[in-house]
Amino acid sequence: MELKKGDIVLVQAPANPSGTEIQKTRPAVVVSPKEMAIHGNRAIVIPITGNVSKIYPFEFLIKSKYLSNESKGCCDQIQTVSTKRIIKKYGDISNSEMESLDKALKNILRLE
């Protein structure tokens, strides 16, 4: 499966989650370049949640037709996953959502 930045995918839960890791199969947004999946069999993803009661500076709103409800990406939960854990690809986020994702990543990683 070819993956690129902005793809919305379904990621299988980790076998042995610990601490505050997200512990269930859920959608996520790919933020790694496609070459990482091709050559490394891994992808860096931002998990998506439907809890949008508050949006922090390190989160971004998603209103994709591929998700049943308004959702948000949680850049504070960024993770690298094996491409074997990616069950399927739904589609991708919009250009404006990509801008919001980039801003949230810059905020959490203190790049500005």
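Colleague: Is Ser 71 buried or exposed?

Modeller: Keep in mind that this is a predicted model. Ser 71 has a relative accessibility of 6%, so it counts as buried; the cut-off for that is under 20%.

Colleague: Where does Ser 71 sit, and what is it in contact with?

Modeller: Ser 71 lies in strand E5, which covers residues 71-74. Leaving aside neighbours within four places in sequence, Ser 71 is in contact with Ile 48, Thr 49, Gly 50, Val 52, Phe 60, Leu 61 and Ile 62. A polar atom of its side chain also lies 3.0 Å from the backbone oxygen of Asn 69.

Colleague: OK, what about Glu 59? Buried or exposed?

Modeller: Buried, because its relative accessibility is 10%. Glu 59 lies in strand E4.

Colleague: And which side chain does the side chain of Glu 59 make a polar contact with?

Modeller: That of Lys 72, at 3.0 Å. Not counting residues up to four places away in sequence, Glu 59 touches Lys 54, Lys 72, Gly 73, Cys 74, Asp 76 and Ala 104.

Colleague: Changing topic: helix H2. How far apart are its end C-alpha atoms?

Modeller: They are 21 Å apart. H2 has 15 residues (95-109), and at 1.5 Å a residue it should span 21 Å, so the two values agree.

Colleague: Which residues of H2 are buried?

Modeller: Glu 97, Met 98, Leu 101, Ala 104 and Leu 105. They cover an arc of only 125 degrees around the axis, so they are on the same side of H2.

Colleague: What covers those buried residues, and what does the face turned away from them carry?

Modeller: The cover includes strands E2 (26-30), E3 (42-49) and E4 (59-62). The face turned away carries the exposed residues Asn 95, Glu 99 and Lys 103. Then H2 is followed by Arg 110, which has a positive phi, near 55 degrees.

Colleague: You mentioned E2. Which residues is Pro 27 in contact with?

Modeller: Pro 27 is found in strand E2. If you leave aside neighbours within four places in sequence, its contacts are Ile 8, Val 9, Leu 10, Pro 47, Ile 48, Leu 67 and Tyr 90. The C-alpha atoms of Pro 27 and Thr 49 are separated by 7.8 Å, with the two residues 22 residues apart along the chain.

Colleague: How many residues are in the largest nonpolar core?

Modeller: It has 14, and those with the most contacts inside it are Val 29, Phe 60, Ile 62, Ile 93 and Leu 101. E3, E4 and H2 are the elements that give two or more residues to this core, and H2 gives the most, with four. There's also a second, separate core of ten residues, including Leu 3, Val 11, Val 30 and Ile 86.

Colleague: Last one: how many aromatic pairs does the structure hold?

Modeller: One. Tyr 56 and Phe 58 are stacked, at 5.5 Å centre to centre with 5 degrees between the planes. Tyr 56 counts as partly exposed because its relative accessibility is 38%, and Phe 58 is also partly exposed, with a relative accessible area of 23%.

Definitions and conventions: Residues are numbered from 1 along each chain as its sequence is written. This is a predicted model: local features need pLDDT of at least 70, side-chain atom pairs count only at pLDDT 80 or more; totals for chains, interfaces and linings use all residues. Side-chain values use heavy atoms; hydrogens and water are left out. Rings of Phe, Tyr and Trp (its six-membered ring) pair if their centres lie within 6.5 Å; planes under 30 degrees apart count as stacked, over 60 as edge-to-face and the rest as tilted. Buried means under 20% relative accessible area, exposed over 50%, partly exposed in between (1.4 Å probe, protein chains only). The expected span of a helix is 1.5 Å times one less than its number of residues. The arc is that of the directions from the helix axis to the C-beta atoms. Contact means heavy atoms within 4.5 Å. A nonpolar core is a set of buried Ala, Val, Leu, Ile, Met, Phe, Trp, Tyr and Cys residues joined through side-chain atoms within 4.5 Å. A polar contact is a pair of N or O atoms within 3.5 Å; within protein, one must be able to donate a hydrogen and the other to accept it, and residues adjacent in sequence count only if both atoms are side-chain atoms.
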